[in-house]
Amino acid sequence: MLREKYTDEVRRILAKYPADQKRSAVMPLLYLAQREGGYITKGALQEIAEICEITSTEVASIIGFYSLYYDEPAGIYHIQVCTDLPCALRGADEFLQKLCENLGIKVGETTVDGKITVEAVMCLAGCHRAPMFQVQSGDGLVYHEDQTVESAMQLIETLRAKE
Amino acid sequence: MTDYILLRHREIPGLNTLEGYRATGGFNALRKVITTMQPDQVTEVVKASGLRGRGGAGFPTGMKWSFIDKKTYPHYVVANADESEPGTFKDREIMESNPFQFLEGVAICAFAVEAKAAYIYLRGEFWQVANSLDEKIAEMEAARLLGDKLFGTDATLRIFTHLGAGAYICGEETAMLESLEGKLGQPRLRPPFPPSYGLYGKPTIVNNVETLTNLPLILDKGAEWYRSFGTDKSPGTKVFSLSGNVNRPGNYELPLGTTFRQLIFEHGGGIPAEHKIKAIMPAGASSSLIIASEEALDTPMDYESVPKVGAQLGSASVIVVDDSVNIAWLLNKTIHFFKHESCGKCTPCREGTYWMLHLTERLTSTSATQADVDLLNSVASQIKGKCLCALGEFSIEAVLSGIERFPQDFPPISNSAS
């Protein structure tokens, strides 16, 4: 599994921390596990617990505590729109609402093709270029700033066309 | 010519490449400290410069370093790159565009506090920034600017990045250390403070990205040179993140002591047409709301002056609010953030932010009454001074100041304010 498929990466992650502090590798390993399928499977959770020498309950609590980890499948692409105060002062709430209307979903839902999930998230440090969002997927996290509903819809069509 | 210390990439093209950075004297300061100075001498220069922590607390950096426990080793340095305060986006620009100056700063700090390993803790959303820093770190290793026997001495240093995963609380230094140890990001009871009991229980210095990025030029040009910027008690420049209802939001590096008026109207281009400035939050969502009076606008933005108009400078994330905004709505926004980000460890914050969220939701509905305002004020006052860390304490700043200073925006509302 992770150790077999990503042998070098697991070794590189562990090498960042002191040999007696394997537990520190839990967060980067969770990202690694999430790269496939966009969420952490029960099997991956168990394996990470073994690598880090902690219990699977402890790994599960980490997944629950931090908002960028998922333990169940959702859309392939998470469109995460910041609606915190500075963005809201620049129209982020209206942007999010119109984007969802265009996609025919409510905030937090996934489109029928199972590809796009739209979420409202906390500040992303892009306040000066609002409305803005990030796209989280197995490929990582990418920022998109100074957005309009039109530019966002164009991007979403590009993402949908990818396979 | 602007006097940039931090955002030098704006006038020096190619500063984000190793070659370009070295061409402007990059790593001269690191070479100087490692080959000619003792760690304590570096700390003395930083003390003399008057540099204060740029993450928000404004604690004197050199003094923090001098607290490091010299009886226990290894020592660690942790760079706080968790930048998550609503309204703050300065560290991101520094790391994206002037990365080597930041990394050189990390190295100088590590030498001064005798650490052989440094971790950069970035918020998970800065995934692209972390990838780019990993490349820069590899380039530095290849150029023997990191690793063993630096500059022909016995000095050793390695720098690693570590990504968080979406938790504002990890910007609090002890929560950050817990997170780096692979645990839930929840603050520790202090004392002991990190310089005596930090990462893995070892002496640790946690400094903000902007703080560290000041170091190469301070060590290169000296404390006196640094003190020629800013004010006597708040020396140097600061990156002000300007956002909200303003024509030109963005980062502005200006001397500490620049007034709100200069930042908002000269640099930021003022308020969008047909509106007037109503309130200022100088420290992001954690800030008290200042009434944007003439006196407030002429207040210098430094650590001593901002408290005189009833707020803190903090991370200098200046959110501008115009007269189209209802303050009860604004409080609902800030409390929604703090309720979501409360780590749940201490009761006043966990329960308090939950109830404040319900109350601010009610205040933005049509059924709001004066009793709701009084109850919100009461809940906020009961949180005050009782939390384990600053998150809970900061959550009430806007609430208490908003109710006190903008009573016209709270029920019973006579006109049809939005």
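## A tour from the chain A sheet to the interface

Start by selecting β3(A) and strand β4 (residues 140-144) of chain A: the two pair in the antiparallel sense over five bridges. Strands here are DSSP E runs of at least two residues, helices are H or I runs of at least four, and both are numbered from the N terminus. Two strands count as paired if DSSP finds at least two bridges between them.

This is a predicted model, in which local features need pLDDT of at least 70, side-chain atom pairs count only at pLDDT 80 or more, and totals for chains, interfaces and linings use all residues. Residues are numbered from 1 along each chain as its sequence is written, while chains are lettered from A and ligands numbered from 1 in the order in which they are written.

Stay on the hairpin. Two residues lie between β3(A) and β4(A). Pick Gln136(A), which stands opposite Leu141(A) in β4(A).

β1 pairs with strand β3 (residues 133-137) of chain A, antiparallel, over four bridges. Here Ile79(A) stands opposite Val135(A) in β3(A).

Now show the whole of chain A. Eight helices and four strands make up its elements. Their order along the sequence is α-α-α-α-α-β-α-α-β-β-β-α. The C-alpha trace spans about 50 × 30 × 25 Å along its principal axes. Of the 163 residues in chain A, 39% are buried, meaning that 20 or more other C-beta atoms, placed from the backbone, lie within 10 Å of the residue's own.

Which share of the chain A contacts with a separation of 6 or more joins residues 24 or more positions apart? The share is 61%. A contact means two C-beta atoms, placed from the backbone, within 7 Å.

Move to the interface. Chain B brings 38 residues to the contact and chain A brings 34. On chain B, select α7 (127-142), β3 (158-163), β5 (237-244) and α14 (327-341): each supplies at least two residues of the side that touches chain A. The largest share, six residues, comes from α14(B). Color that side of chain B by type: 17 residues are nonpolar, 15 polar and six charged. Nonpolar covers Ala, Val, Leu, Ile, Met, Phe, Trp, Tyr, Cys and Pro; charged covers Asp, Glu, Lys and Arg; the others, Gly among them, are polar.

Finish with confidence. The mean for chain B is 96, with 98% of its residues at 70 or more. Then select residues 414-418 of chain B, where pLDDT is below 50; beyond near neighbours in sequence, this stretch has four contacts in the model. Where pLDDT is low, predicted coordinates should not be read in detail. For the model, ipTM is 0.96 and pTM is 0.96.

Definitions and conventions
pLDDT is the predictor's confidence in each residue, from 0 to 100. A residue is buried if 20 or more other C-beta atoms lie within 10 Å of its own, exposed if 12 or fewer, and partly exposed in between; C-beta atoms are placed from the backbone.
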